[in-house]
Amino acid sequence: MTGNSADAMAASAGARHAAELDLIAAAQAGDASAFRGIVERHHRLVAGLAYRLSGDADLADDVAQETFVRAWRGLARFEPRRPGSLRSWLCRIAHNLTMDALRRRRSEPLTSERPDHGLSPFEAASRSETGAAVRQAVLQLPDHLRAAIVLREYEEMSYAEIAAVLEIPIGTVMSRLHSARKRLADDLAPLFNSGEDL
Amino acid sequence: MTHHESLLVDAYLDGEMSSADALAMERHLDICAECRRQLEVGLALRNSLAESAFVPDLQSSGQLWAAIEPQLVSRSHALGVAGWASGALLAVVALVAQTALAVLLIFATGGALGFPASEWLTPLGDALPDMGTAFLPVPPVADEFGYAYDALLVGASSFTMWLLMMTLALSFFGWVLAARRRHQLAGGLPVSLQHRAGAHN
């Protein structure tokens, strides 16, 4: 990467952060249209996280709604200390709500059973046998390991961000990620051995 | 390979190392088959997870906003209602307290006339001979202290009236704040004008 492109990326990130700070300040003052801007920026992240933690699209929609309602209520107390604070905060709310919902219905095994209606060929391909097996293996992980691996691999968060979302030390994040990867590798070993592209 | 080394391989895989540490790790990977194997498994796992990254047709941001917006407005409305309700409740409590205090003092002192309760309530006089001493440490000769208790009664009444007026004022203030909040939520338009704006859109 050249120095100029790195500078341009940093400037772009700075501008995004400044725009987000403006949205937060306006929403904190009660501007609903600014809050809608926040919803539009982060709804995919929030709903996607809830879906990947639960494997349930309906629950993910409910969690996304409740996350933003709670965010609206708690926005006055929110302090955006650094870039990404809002994203981490929303993910923390969504994570906690999802885990609470899963605990309430713990008797049911977690499965990813959304009907495949209306899928494009690309989407259908992504729901291949390997993809389904991997999703299922992720859903079978213990809650604390699943949260760490989902935030890292699907949401591409740094260790520091994961630590902020889960409210745990970075060392614990590293340990959980390692345990999750080891269990996934063990659970998916048959796919390794059958020569599929794992 | 130790647990610590395993964590370092993960940190390298996740791009969480400084440049210097990453270079040192690359040199280590050249000579350590076990760490190299862990890195290969980690990369393969990452590819598989990327393949399973599909998320089904969740709500669009528009659908999501349509679902949460009424909850935001209704919460504000609920705050206004709660303000009025709590104000009304406090007012009722203040009135009941004032009445109870007044009745208690009248029974205890015989009121401004200075009669003991037993004489004031003539029909019940025999049944309630010592009401005053039963409720408050009032001396047997009530008329010596009757005016002091009357003054206390007036003071208590004034205080409760003041409390009543304050609760009503706070209740109204809460309603004004809630109305202002609803106004902001409606995008700057007063609620009463929203339907007109909708008709123009």
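At 8% relative accessibility, His42(A) counts as buried, where buried means under 20% relative accessible area, exposed over 50%, and partly exposed in between (1.4 Å probe, protein chains only). The model is a predicted one, in which local features need pLDDT of at least 70 and side-chain atom pairs count only at pLDDT 80 or more, whereas totals for chains, interfaces and linings use all residues. Residues are numbered from 1 along each chain as its sequence is written, chains are lettered from A and ligands numbered from 1 in the order in which they are written, and side-chain values use heavy atoms, with hydrogens and water left out.

His42(A) is found in helix 2 of chain A; helices (H or I, at least four residues) and strands (E, at least two) are DSSP runs, numbered from the N terminus. When neighbours within four places in sequence are left aside, His42(A) is in contact (heavy atoms within 4.5 Å) with Glu20(A), Phe68(A), Leu86(A), Arg87(A) and Leu90(A). Ile24(A) has its place in helix 1 (residues 3–28) of chain A and is buried, with a relative accessible area of 3%. The C-alpha atoms of Ile24(A) and Phe35(A) are separated by 7.4 Å, although the two residues are 11 residues apart along the chain.

Side chains of opposite charge can pair when their charged atoms come close. With a salt bridge taken as a side-chain nitrogen of Lys or Arg within 4 Å of a carboxyl oxygen of Asp or Glu, a search of the whole structure finds 15 salt bridges over all chains. One of them joins the side chains of Arg41(A) and Glu20(A), at 3.5 Å from N to O. Because Arg41(A) lies in helix 2 of chain A and Glu20(A) in helix 1 of chain A, the pair ties together parts that are 21 residues apart in sequence. Arg41(A) is partly exposed, with a relative accessible area of 41%, whereas Glu20(A), at 10% relative accessibility, counts as buried. Another salt bridge is formed by the side chains of Arg70(A) and Glu66(A), at 2.9 Å from N to O; both residues lie in helix 3 of chain A, four residues apart, about one turn of the helix. Arg70(A) is partly exposed at a relative accessible area of 44%, and Glu66(A) counts as partly exposed at 26%.

Chain B contains eight helices and zero strands, and from the N terminus on its elements run α-α-α-α-α-α-α-α. Of the 201 residues in chain B, buried residues make up 32%, and among its contacts with a separation of 6 or more, residues 24 or more positions apart account for 59%. Chain B exposes about 12,100 Å², of which carbon and sulfur atoms supply 69%; accessible areas come from the Shrake-Rupley method with a 1.4 Å probe, and for residues only the protein chains shown count as cover.

The size of an interface is often given as the accessible area lost when the parts come together. The area buried between chain A and chain B (the accessible area, 1.4 Å probe, that two parts lose on being put together, summed over both) is about 4,100 Å², with carbon and sulfur atoms giving 63% of this value. The contact takes 50 residues from chain A and 37 residues from chain B. Across the interface, 11 residue pairs are found in polar contact, both residues being at pLDDT 80 or more; a polar contact is a pair of N or O atoms within 3.5 Å, where within protein one must be able to donate a hydrogen and the other to accept it, and residues adjacent in sequence count only if both atoms are side-chain atoms. On the side of chain A that touches chain B, helix 2 (32–54), helix 3 (57–74), helix 5 (121–126), helix 6 (129–139), helix 7 (143–154) and helix 9 (170–187) of chain A each supply at least two residues, and the largest share, 10 residues, comes from helix 2 of chain A.

Four salt bridges are counted between chain A and chain B. In one salt bridge, Glu153(A) pairs with Arg46(B), the closest N and O atoms being 2.8 Å apart. Arg46(B) also forms a salt bridge with Asp14(B), with 2.5 Å between the closest N and O atoms. This pair links distant parts of the chain, 32 residues apart, with Arg46(B) in helix 3 (residues 33–51) of chain B and Asp14(B) in the loop between helix 1 (3–13) and helix 2 (19–31) of chain B. Asp14(B) is buried, with a relative accessible area of 7%. Salt bridges that share partners join Arg152(A), Glu153(A), Arg181(A), Asp10(B), Asp14(B) and Arg46(B) into one network.
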